[in-house]
Structures are given as structure tokens and as C-alpha cells.
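Biologist: I am new to this structure and would like to learn how to read it. Could we go through it together?

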Amino acid sequence: MTKKLKIGITLRITNAEHYDEKRDSLSHDWYKMFQKINAIPILIPNDYFQSNDDVKNFFEDLSIQGLIFSGGDNIGDNEIRDNAEQLILTYAINTNIPIFGVCRGMQLINDFFGGSLSKASNNDHVKKSHLIDILDNDLEKIIPNNSIEVNSFHHNLIHKDNLGKNLIPTATCKNDKTIEAFKHKSLAITSVMWHPEREQNDFNQLFLKNTFNKLNSN
């Protein structure tokens with residue numbers, strides 16, 4: 001049996017109803033997805049890291065091998081999460097930990113490399129599905145006809161002109177050509193604007209497996 005990978009995943013911050021406190025949270029969909037890709041989820045708290053050393057010790061003590069930046073909220077909505085994820089992303093890049101960004105996570109990575117966002121003028125990407133065109137050879141191997149339908153839950157868009165340095169588009173929305181997925185030119189970074197955990201089909205499972213399973217050969 002293949003040994004399960006330890007994959008860290010960031011959490012959104014939510015208000016607990018009837019309690020005067022904030023809590024880190026994660027959709028149960030992610031736990032099901034981790035099972036399907038043969039990985040163990042390591043939940044990464046937000047209000048825990050005060051320094052780079054805190055992040056280093058956390059990752060090393062738990063032997064985290066890969067990292068997912070989850071969705072939820074906009075960058076700037078919560079300073080605690082923003083600061084934590086900046087520290088985590090910097091550490092992961094400096095230590096060559098494979099990274100997979102989802103929705104907000106993709107936007108965070110784009111911002112880190114100097115990219116920017118634009119606001120959609122309509123709701124074409126909110127609680128709707130749409131076709132994407134695949135631009136990457138590796139992705140073409142796991143889907144038919146170079147196009148597939150994905151879910152969409154975002155107001156923020158990334159256009160080609162807004163893409164961060166050394167980020168390469170791997171999928172675009174068929175309708176408006178906004179960027180739906182990218183990878184880094186040289187680092188082990190992949191990101192998507194849709195939510196693979198909310199639609200656990202063969203494509204999304206294979207996409208995540210291909211991102212992390214190469215770790216088993218190291």
C-alpha cells in the first residue's frame with residue numbers, strides 16, 4: 001500500500017453563531033477528497049504563527065510534504081488569515097514544498113508574485129458552472145477534448161495582463177478567457193479558480209493526485 005502523504009491545508013475564519021469568538025473552519029468536502037487522493041489532512045491554524053520560525057517548526061514537527069491554500073473570503077477581509085498565509089506561502093516557496101491554490105488560494109499566489117485582480121461586472125462566475133479550455137500538456141492527458149466543465153464561486157477575476165511574474169496559464173474560461181488555472185514557470189506551484197473539493201469527479205481527483213503523488217517517488 002502506498003504511504004499516505006501529509007498535506008497541510010489552510011483554513012477560513014468564521015464567526016461562531018451564539019458565541020463571541022472566531023473559529024477556523026474547513027468544509028467536510030475536503031476530508032472526503034483527502035481520502036480519495038490517499039492523503040492525510042494537516043489543518044493549519046491561522047492565529048498561531050508569530051514568526052517564520054513558528055512556521056518552520058510547525059511544518060517540520062508535523063512532516064508536512066505538500067500544501068493546499070483553500071478558498072473562502074477575499075484577500076483583505078481578515079488580517080489574521082492574510083498574515084498567516086503570507087508567512088506560510090513564503091516558507092513553502094523557500095523550502096520547495098509543492099503548493100496547490102484553490103480560488104482565494106489562487107488569488108493569494110497571484111498577488112504574491114505581483115499580479116492583480118479585477119471585479120466581475122456580472123454573476124457569470126457565481127454559483128454557476130462553465131467550460132474551460134485546457135492549455136497545458138499534462139492536463140490534456142487526463143481530460144477529453146481539451147475542455148471540461150468546472151464549478152465557479154468567485155467575483156474576482158484574473159486576466160492575462162493581471163497575471164503574476166513567472167505564472168503560466170494552464171486553463172481559461174471558454175466564455176470570457178479569464179484565467180481558471182495556472183502553474184509557476186519553475187516552482188512546484190499549481191492553482192485553480194474552481195473548487196475541486198465540491199465536485200469530486202475523476203478529473204479533479206487526478207489533478208490533485210498528479211500535483212502531490214510525485215512526492216512518493218522521492
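This is a predicted model: local features need pLDDT of at least 70, side-chain atom pairs count only at pLDDT 80 or more; totals for chains, interfaces and linings use all residues.

Biologist: How many residues line the second largest pocket, and which lie nearest its centre?

Modeller: The lining has 16 residues, with Gly72, Asp73, Cys103, Phe153 and His154 nearest the centre. By class, seven are polar, six charged and three nonpolar. The space inside comes to about 280 Å³.

Biologist: H4 came up there. How do I read its packing with H3?

Modeller: Two packed helices are described by the angle between their axes and the distance between the axes. For helix H3 (residues 79–94) and H4, the angle is about 70 degrees and the axes are 11 Å apart. The two helices are therefore roughly perpendicular to each other. Their contact includes Arg81, Glu85 and Leu89 of H3, along with Arg104, Leu108 and Phe112 of H4. That contact has five nonpolar, two polar and five charged residues.

Biologist: What is the angle between H2 and H3?

Modeller: Helix H2 (residues 52–61) packs on H3 at about 65 degrees, with the axes 10 Å apart, and the crossing is right-handed. On the H2 side, Asn52, Val55, Lys56, Phe59 and Glu60 meet Leu87, Ile88 and Tyr91 of H3. Five residues of this contact are nonpolar, one is polar and two are charged.

Terms used
Residues are numbered from 1 along each chain as its sequence is written. Side-chain values use heavy atoms; hydrogens and water are left out. On a 1 Å grid over the protein atoms alone, a cavity is a set of points where a 1.4 Å probe fits but cannot get out, and a pocket is an open set with protein on both sides within 12 Å along at least five of seven lines; lining residues have an atom within 4 Å of a point. Grid points are joined across faces, edges and corners, and a volume is the space filled by probe spheres set on the points. Ala, Val, Leu, Ile, Met, Phe, Trp, Tyr, Cys and Pro count as nonpolar, Asp, Glu, Lys and Arg as charged, and the others, Gly among them, as polar. Axes are lines fitted to C-alpha atoms, for helices over the stretch in contact, and angles run from 0 to 180 degrees between N-to-C directions. Helices (H or I, at least four residues) and strands (E, at least two) are DSSP runs, numbered from the N terminus. Angles under 35 degrees count as roughly parallel, over 145 as roughly antiparallel, 65 to 115 as roughly perpendicular and the rest as oblique. Contact means heavy atoms within 4.5 Å. A crossing is left-handed if the near helix is turned anticlockwise from the far one by less than a right angle, and right-handed if clockwise.
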